[in-house]
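Colleague: Put the model up, please, and I'll ask things as I go.

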Amino acid sequence: MDKGKKECTWSSWRGQVVDLLHWRDMKQSGLVFGSLLLLLFSLTQFSVVSVIAYLALAVLSATISFRVYKSVLQAVQKTDEGHPLKAYLEVEIALSADQISKYVDKTQLYINSTMKELRRLFLVQDLVDSIKFAVLMWLLTYVGALFNGLTLLILAVVSMFTMPLVYEKYQTQIDQYLGLVRTQVNSIMGKIREKVPGAKKKE
């Protein structure tokens, strides 16, 4: 697969995600949103193993029932249409070597950039950026005390499927407010850099 095809596949996949989060297809977005919430709420009540087992049983119950129903129907009508799920059995689901290589490369790039950024923050390459990171970690201690990981994940999923719609509807007001906040933050950070020794960025 050449570079052009890879970029086309990535753009297509990204476009599908954007359409999903912006509710371009109400049924598809609703199905994905509802399924994710059901899965996450199930994990708050049951163990991961139990949820996986119940999901597998539910799928198997549906497919086995459908297979038996179609087999009985074919026997009564004396037809031979073959396996009722043949179309799905023939769908190619294997990842190609190029796809695996692409995902590995992207993962490696993300991990390396994350490690470099963490090193920069923890070793205080830029004092102000390290202070902002420390403030963020301090705020997260309060968030962690109020919510567990699953609750945060549920809130993240709800936000992913609602915030794009809110932003589309109130984009002007939100951009204006964010611009004011960004200006204030930059002003405060600028004053800190001027007053704290060694905080100024090197040119």
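Modeller: One term before the rest: a residue is buried under 20% relative accessible area, exposed over 50% and partly exposed in between (1.4 Å probe, protein chains only).

Colleague: Noted. Ser-130, then: buried or exposed?

Modeller: Ser-130 is buried, at a relative accessible area of 11%. This is a predicted model, in which local features need pLDDT of at least 70 and side-chain atom pairs count only at pLDDT 80 or more, while totals for chains, interfaces and linings use all residues. Residues are numbered from 1 along each chain as its sequence is written, and side-chain values use heavy atoms, with hydrogens and water left out.

Colleague: Where does Ser-130 sit?

Modeller: In helix α6, residues 127-146. Helices here are DSSP runs of H or I with at least four residues, strands are runs of E with at least two, and both are numbered from the N terminus.

Colleague: And what does Ser-130 touch?

Modeller: Leaving out residues up to four places away in sequence, Ser-130 touches Arg-120, Leu-121 and Val-124. Contact means heavy atoms within 4.5 Å.

Colleague: Which residues of α6 are buried?

Modeller: Val-128, Asp-129, Ser-130 and Phe-133. These buried residues pack against α5 and α8, the latter being 171-195.

Colleague: How does α6 begin, in terms of side-chain contacts?

Modeller: A side-chain oxygen of Asp-126 comes to within 3.2 Å of the backbone nitrogen of Val-128 at the start of α6. A polar contact is a pair of N or O atoms within 3.5 Å; within protein, one must be able to donate a hydrogen and the other to accept it, and residues adjacent in sequence count only if both atoms are side-chain atoms.

Colleague: Which element has the lowest mean pLDDT?

Modeller: Helix α1, residues 3-21, at 68. The protein chain has a mean pLDDT of 84, with 90% of its residues at 70 or more. pLDDT is the predictor's confidence in each residue, from 0 to 100.

Colleague: Back to α5. What does the side chain of Ser-113 reach?

Modeller: The backbone oxygen of Tyr-110, at 2.9 Å. Ser-113 lies in α5 and is partly exposed at 38% relative accessibility.

Colleague: Backbone next. What is the phi of Val-124?

Modeller: Near 55°, a positive value in a residue other than glycine. Most residues other than glycine have a negative phi. Val-124 is in the loop between α5 and α6 and is partly exposed, at 41%. Lys-78 also has a positive phi, of about 55°, and is not a glycine.

Colleague: Where is Lys-78?

Modeller: In the loop between α3 (48-77) and α4 (86-89). Lys-78 counts as exposed, at 76% relative accessibility.

Colleague: Aromatics. How many pairs?

Modeller: The structure holds 6 aromatic pairs. One of them, Phe-46 with Tyr-54, is edge-to-face at 6.0 Å centre to centre and 65° between the planes. Rings of Phe, Tyr and Trp (its six-membered ring) pair if their centres lie within 6.5 Å, and planes under 30 degrees apart count as stacked, over 60 as edge-to-face and the rest as tilted.

Colleague: How accessible is Phe-46? And Tyr-54?

Modeller: Phe-46 is partly exposed at 47%, and Tyr-54 is exposed at 53%. Elsewhere, ring pairs link Trp-23, Phe-33 and Phe-161 into a cluster.

Colleague: What about His-22, buried or exposed?

Modeller: Buried, at 19% relative accessibility. His-22 lies in the loop between α1 and α2 (26-45). Leaving aside neighbours within four places in sequence, His-22 contacts Pro-164, Leu-165 and Glu-168.

Colleague: Last one: which residues does UniProt annotate as "transmembrane region"?

Modeller: The unreviewed UniProt entry gives 31-60 and 146-167. Those positions are in the numbering used here, feature names are shortened, and annotations may be inferred rather than shown by experiment. In the model, residues 31-60 are 93% helix and 0% strand, with end C-alpha atoms 19 Å apart. Residues 146-167 are 91% helix and 0% strand, with end C-alpha atoms 27 Å apart.
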